[in-house]
Amino acid sequence: MDLKVAVVCSSNQNRSMEAHSILSKKGFSVKSYGTGSAVKLPGSSPNQPNIYPFDTTYEQMYQDLYQKDPHLRIKPRPEKFQGAKERFDVIFTVEERIYDTVLEDIASQGQVSYIPVHIINLEIQDNHEEATLGAFQILELCELMRTAHDLENEIEEILQEFEAKYSRTLLHAVAFY
């Protein structure tokens, strides 16, 4: 099964981009998004982040920050999830509040085609090490889903086996476009 995947974090900078990079290298059709009001990057202190609108390119951020951003090779700018027109089979979120935001956004669009989308939350801390580990776990889930003969009937078992393997709790909901 060809799987269309979205990965959503708050700023579309670290966790979603790490998963985006790994999934795209493995041949998945993937997009990544943020749900926050703006892109926030670490600043001179935790209370003073560098804040950019979502339409700011990584190159502009790079010029502003004077450092190389590894995400420049993946796509030209961060994207906000709310209002995205593309449809996915699976949407991964990396925090429960982002999961809630994605569910609310899809519900607010109204059901038009009744095509299902699975929204799965895998809690990932916002640091490079956890983002990398989480990206590989999202890849593992995508590979299991891609090989399913009937995803709608097999997804609960796939998620339960993953939870048991990693001693992690996933949130899962089915919404409809």
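What span should the 19 residues of helix H4 (residues 128–146) have at 1.5 Å a residue, and how far apart are its end C-alpha atoms?

Modeller: Helix H4 should span 27 Å, and its end C-alpha atoms lie 26 Å apart, which agrees; the expected span is 1.5 Å times one less than the number of residues. The model is predicted, so local features need pLDDT of at least 70 and side-chain atom pairs pLDDT 80 or more, while totals for chains, interfaces and linings use all residues. Residues are numbered from 1 along each chain as its sequence is written, and side-chain values use heavy atoms, without hydrogens or water. Helices (H or I, at least four residues) and strands (E, at least two) are DSSP runs numbered from the N terminus.

At the start of H4, Asn-127 places a side-chain oxygen within 3.3 Å of the backbone nitrogen of Glu-129.

Ser-10 is itself buried, with a relative accessible area of 13%. Leaving aside residues up to four places away in sequence, Ser-10 touches (heavy atoms within 4.5 Å) Arg-15, Gly-34, Thr-35, Gly-36, Phe-54, Glu-95, Arg-97 and Ile-98.

Conventions. A polar contact is a pair of N or O atoms within 3.5 Å; within protein, one must be able to donate a hydrogen and the other to accept it, and residues adjacent in sequence count only if both atoms are side-chain atoms. Buried means under 20% relative accessible area, exposed over 50%, partly exposed in between (1.4 Å probe, protein chains only).
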